[in-house]
Amino acid sequence: MFVNESGDHSLESINPEWPLFVLSFCVFPVEVYVREVTPAIRQLKFDFFGHDLVVLHEHDIRKKKGHFARLNKEAREAFLDRLTELIAGTDMTLIAVVIDKQRHAARYSRPIHPYHLAMQFGLERVSAFLDQQVESDRDTWIICEARGPKEDAALELEFRRVCDGANRQQRKLPFQLLVADKKTNSEGLQLADLTARPAGLAVLRPDQPNRAWDVMKRKLYAGRHQCITGNGLKVFP
């Protein structure tokens, strides 16, 4: 499972244009990830850039930065079409946690750190998903992108607290945390990054066209009763 975010976790300085913190969890069967997902993404990179060292950062693609600045209009549209098709064809389960920081800060006198809260919500839902797959007793690696030594140390403490039983199931969770350097060219982390902002946009501006979300929402975890709300899409508060 790969985890990436959109927005920052600060509750002191909240951008009114993007008052959200979003954490996207992308869960893959190992066989699918190794044999299908990583080759498909690498092929996409070779086809458009001639090598596979390009990192698919949603911000850079949207703002036309770095390698993506070199794509003309026609090539950019073709690239986005291929990327959308790739995500649509990928066998993965998505869980998106959206924290409305303005409402969170206004409701609680001592609001919980948005990243830590989102991580707990996500781990609880991943655990429920694995229960349905009869995989809940197997170790699962949770791979997050590094944010800084202090932040990473705090995250590891919170991760261990949740996995040791401070969760809605009130049981130990068989998860292992791996924090990856931001420069790591991980296909899973890139897909998690690409899916975080569209989830936030779907909550913040539900009437705005959102091509990525139209594809993503078919992959959201629906729980035992086929309900995405509260399962594959958790909005708080």
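1. **Ser24 and Thr195.** The side chains of Ser24 and Thr195 are joined by a polar contact of 2.7 Å. A polar contact here is a pair of N or O atoms within 3.5 Å; within protein, one must be able to donate a hydrogen and the other to accept it, and residues adjacent in sequence count only if both atoms are side-chain atoms. Ser24 sits in strand 2. Its relative accessibility is 2%, so Ser24 counts as buried. Buried means under 20% relative accessible area, exposed over 50%, and partly exposed in between, with a 1.4 Å probe and protein chains only. Leaving out residues up to four places away in sequence, Ser24 touches Phe2, Val3, Asn4, Ile95, Ala192, Thr195 and Ala196. Contact means heavy atoms within 4.5 Å.

2. **Basis of the values.** This is a predicted model, in which local features need pLDDT of at least 70 and side-chain atom pairs count only at pLDDT 80 or more, while totals for chains, interfaces and linings use all residues. Residues are numbered from 1 along each chain as its sequence is written, and side-chain values use heavy atoms, with hydrogens and water left out.

3. **Strand 2.** Helices (H or I, at least four residues) and strands (E, at least two) are DSSP runs, numbered from the N terminus. Both faces of strand 2 are covered. One side carries Leu20, Val22, Ser24 and Cys26; the other carries Phe21, Leu23, Phe25 and Val27.

4. **Partners of strand 2.** Strand 1 (residues 2-6) runs antiparallel to strand 2, with 5 bridges between them. Strand 3 (residues 93-100) is also antiparallel to strand 2, joined by 8 bridges. Two strands pair if DSSP finds at least two bridges between them. Leu23 shows both sides: Glu5 stands opposite Leu23, and Val97 is the bridge partner of Leu23 in strand 3.

5. **Strand 1.** 5 of the 5 residues of strand 1 are buried, so this strand is largely enclosed by the rest of the structure. Phe2, Asn4 and Ser6 point one way; Val3 and Glu5 point the other way. Strand 1 pairs with strand 4 (residues 140-145) in the parallel sense, over 2 bridges. Val3 stands opposite Cys144 in strand 4 and has Phe25 as its bridge partner in strand 2. The strand 4 bridge partner of Phe2 is Ile143.

6. Axes are lines fitted to C-alpha atoms, for helices over the stretch in contact, and angles run from 0 to 180 degrees between N-to-C directions.

7. **Helix 1 against helix 3.** Helix 1 (residues 30-49) and helix 3 (residues 73-89) pack at about 175°, with axes 11 Å apart. That makes helix 1 roughly antiparallel to helix 3. Angles under 35 degrees count as roughly parallel, over 145 as roughly antiparallel, 65 to 115 as roughly perpendicular and the rest as oblique. Helix 1 contributes Ala40, Ile41, Gln43, Leu44, Asp47, Phe48 and Phe49 to the contact. Helix 3 contributes Ala75, Ala78, Phe79, Arg82, Leu83 and Leu86.

8. **Cysteines.** A search of the whole structure finds 0 disulfides. The term means a pair of cysteine sulfur atoms within 2.5 Å. Cys144 is buried at 0% relative accessible area, whereas Cys227 is partly exposed at 37% relative accessibility.

9. **Gly223.** Gly223 lies in the loop between helix 8 (211-216) and strand 6. Gly223 counts as buried because its relative accessibility is 5%. Not counting residues up to four places away in sequence, Gly223 touches Gln132 and Asn231.
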